[in-house]
Amino acid sequence: MSRLPVADRTAVRRATLDLINRDRRAVLIVLALHGAAAIAGLAPPWLLGSIIDQVSAGAGVATVDRLALAIGGFVLVQALLSRYAQYAGHRFGERAVARLREDFVRRTLGLPVSVVERAGSGDLATRSSVDVSTVGTTVRDVVPTIVIASVQLTLLFGAIFLLHPLLGLVALAGLPSIWAVTRWYLRRATSAYLAEGAATAELTETLTATAEGARTVEALRLTHDRIGHGTERIARVWATRRATLALRSVFFTVVEASYPLPIAAVLLVGGYLLSREMVSLGAVVAAALYLQQAIEPLDRILQWTEQAQRGFASFARVLGVGQVPPEPPGRASAPRGERLVVRGARFSYAGGRDVLHGIDLEVRPGERLAIVGPSGAGKSTLARLLAGIDAPRHGVVSIGGCPITDLDPAERRRRIALVTQEHHVFIGSVRDNLAFAAPDASDDQMRSALTTVGADWYADLPDYLDTQVGDGARQLGAAEAQQLALARLVLADPHTLILDEATAALDPTTARRTERTLAAVLTGRTVIAIAHRLNTAHDADRVAVLEDGRITELGSHDELVRAGGAYAALWRSWHH
């Protein structure tokens with residue numbers, strides 16, 4: 001299994017700026033509102049300092065009331081500006097997240113099938129759920145909070161410098177330790193959170209595979225093996241999370257210890273300056289209040305820095321999906337004919353040993369070819385080569401004289417369809433599920449396709465084609481789901497069909513009926529069936545026997561039975 005790539009920091013920064021530039025006006029409005037709110041927030045401490053100075057100078061109640069009323073007004077203005085700034089910020093964040101999700105879905109749907117299968121469902125599922133959600137939180141909440149809090153801190157420290165430059169310098173006393181621990185944290189956090197994300201993806205993959213194969217696990221008595229495998233993955237997730245927790249423990253401890261330093265320093269230095277009559281008492285009080293006020297935005301920045309690291313690590317994983325090269329657009333013109341030819345095809349997975357060894361095969365247009373053989377012989381691998389999902393390491397697979405992998409992907413899928421044992425029921429109506437194959441199909445065509453594959457059960461549904469199916473709605477059984485997939489195949493109407501044990505989930509009676517109706521409807525089309533039931537081979541025009549990655553026998557059912565070879569032995573053992 002090979003993981004999907006992860007984007008580097010440059011790509012993440014570029015994508016972040018792109019998200020901002022695509023809604024620049026909203027960003028400017030958010031910054032302007034928060035900046036105005038921060039400026040309004042500077043007034044109350046300064047006015048409180050003025051009250052102290054005015055009272056010290058002998059001012060009356062009227063002056064104090066007037067300044068107190070001004071404080072109340074600025075507090076109200078700040079609250080209103082902050083409220084509308086947060087509203088505008090969340091609207092920007094939701095739009096940005098929506099675009100991000102749409103881009104992710106578009107990139108995911110553009111991935112080559114072979115890349116998705118080799119990466120495993122766990123990695124892609126984690127990126128599409130956990131990582132996208134984390135990025136959404138970062139875009140919607142974290143980034144605006146950090147930017148706005150930074151503006152607030154700049155204004156607050158600027159106000160202290162205006163009160164007295166020396167007070168401003170002393171107010172920076174806590175920043176060196178905060179800067180040092182933040183730099184230490186950031187150097188380690190990205191790699192730590194990427195490791196945590198990868199470990200979570202592996203755990204998801206393990207749990208998904210175990211749940212989907214629960215019956216097989218039970219039948220083969222692999223329970224303890226799968227528990228051990230899962231426990232190992234859980235231990236790795238726990239170890240990576242402890243590593244990130246250790247970073248946070250050091251980071252937040254040093255930061256919290258740094259907060260009292262500048263306040264104490266300002267009070268000490270302010271007292272000295274006050275004794276020399278270099279500042280007023282109100283200025284010292286205002287500086288201390290500004291520093292106390294600065295703790296909240298500084299705390300938000302540092303607390304959200306941890307979430308920002310998670311967000312940027314998740315963003316790197318989300319963007320990595322788009323770094324997988326898409327399927328090439330195709331270099332060949334339309335093929336001349338529909339003859340499938342395999343010449344000297346060899347294939348291996350991820351640089352391992354060959355699983356196909358010099359396959360030579362011709363499939364005539366309109367022919368029904370059955371491929372049989374023991375498990376692990378390479379039948380499904382050969383089907384993938386014939387469908388153009390994978391390219392042979394050596395040799396060529398062509399249709400109408402054109403290498404299949406040189407055809408445009410849309411053209412290839414229009415001509416050749418591969419249906420495997422795996423099937424999926426999408427959330428939506430039965431009509432929605434069928435429309436994936438033929439968006440313009442009429443209800444009559446959909447009903448005809450369902451009838452063709454023996455899916456008579458649709459007539460008993462409460463809303464017929466409009467009945468909602470999938471998660472959270474009516475659950476279809478394995479046989480019904482597979483028939484729905486076969487009905488999509490009928491509507492897609494390709495010239496060449498490759499059925500990789502496509503009726504495996506059906507009971508023998510239903511499978512036999514479905515195969516017969518398919519045979520009647522698919523007359524004139526090329527059908528290549530990976531057969532686990534030999535009655536499929538019996539009905540085929542020719543049978544290819546695949547053993548250890550080689551075609552050892554090729555001929556009609558009757559010819560191979562008379563030859564008394566491997567197929568004849570399989571037929572006798574299955575028939576009797």
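I call a residue buried under 20% relative accessible area, exposed over 50%, and partly exposed in between (1.4 Å probe, protein chains only). The model is predicted, so I took local features only at pLDDT of at least 70 and side-chain atom pairs only at pLDDT 80 or more, while totals for chains, interfaces and linings use all residues. Side-chain values use heavy atoms, with hydrogens and water left out, and numbering runs from 1 along each chain as its sequence is written.

**Entry 1: salt bridges**

I count a salt bridge when a side-chain nitrogen of Lys or Arg is within 4 Å of a carboxyl oxygen of Asp or Glu. The structure holds 16 of them.

I began with D548 and R550, whose closest N and O atoms are 3.7 Å apart. R550 is partly exposed because its relative accessibility is 40%. D548, at 51%, counts as exposed.

Next came D103 and R106, bridged with 2.4 Å between the closest N and O atoms. Both sit in helix α3 (residues 61–109), 3 residues apart, so about one helical turn separates them. For helices I use DSSP runs (H or I, at least four residues; strands are E, at least two), numbered from the N terminus. An α-helix has 3.6 residues a turn, so residues three or four places apart point the same way. D103 is buried at 11% relative accessible area. R106, in contrast, is exposed at 55%. I also noted a salt-bridge network that links D103 and R106 with D18 and R22.

Buried or exposed, R317 and D131? Both are buried.

**Entry 2: nonpolar cores**

A nonpolar core here is a set of buried Ala, Val, Leu, Ile, Met, Phe, Trp, Tyr and Cys residues joined through side-chain atoms within 4.5 Å. The largest has 36 residues, and F157, I160, V266, Y290, L291 and L302 have the most contacts inside it. Two or more residues come from each of α5, α6 (165–170), α7 (175–212), α9, α10 (260–275) and α11 (281–321). Helix α11 gives the most, with 11 residues.

I then checked I160, taking contact as heavy atoms within 4.5 Å. Leaving out residues up to four places away in sequence, I160 touches L167, G168, A171, A287, Y290 and L291. I also found a second, separate core of 27 residues, which includes A417, V469, A481 and L491.

**Entry 3: helix α9**

Helix α9 runs over residues 223–258, 36 residues in length. Its first and last C-alpha atoms are 52 Å apart, close to the 52 Å expected at 1.5 Å a residue. The expected span is 1.5 Å times one less than the number of residues. Among its buried residues are G230, R233, V237, T240 and T244. L247, R248, F251, V255 and S258 are buried too.

Which residues form a nonpolar patch on the surface? I found L28, L31, V147 and V151, with about 300 Å² of accessible area together. Helices α2 (24–56) and α5 (121–163) each supply at least two of the patch residues. L31 is in α2 and is partly exposed at 35% relative accessibility.

Last, I looked at R66, in helix α3. R66 is exposed, at 53% relative accessibility. Its C-alpha is 9.6 Å from that of I51, which is 15 residues away along the chain.

Notes:
Patches are made of residues with over 30% relative accessible area and no salt bridge: like charges are joined within 9 Å, nonpolar side chains (Val, Leu, Ile, Met, Phe, Trp, Tyr) within 5 Å. Accessible areas come from the Shrake-Rupley method with a 1.4 Å probe; for residues, only the protein chains shown count as cover.
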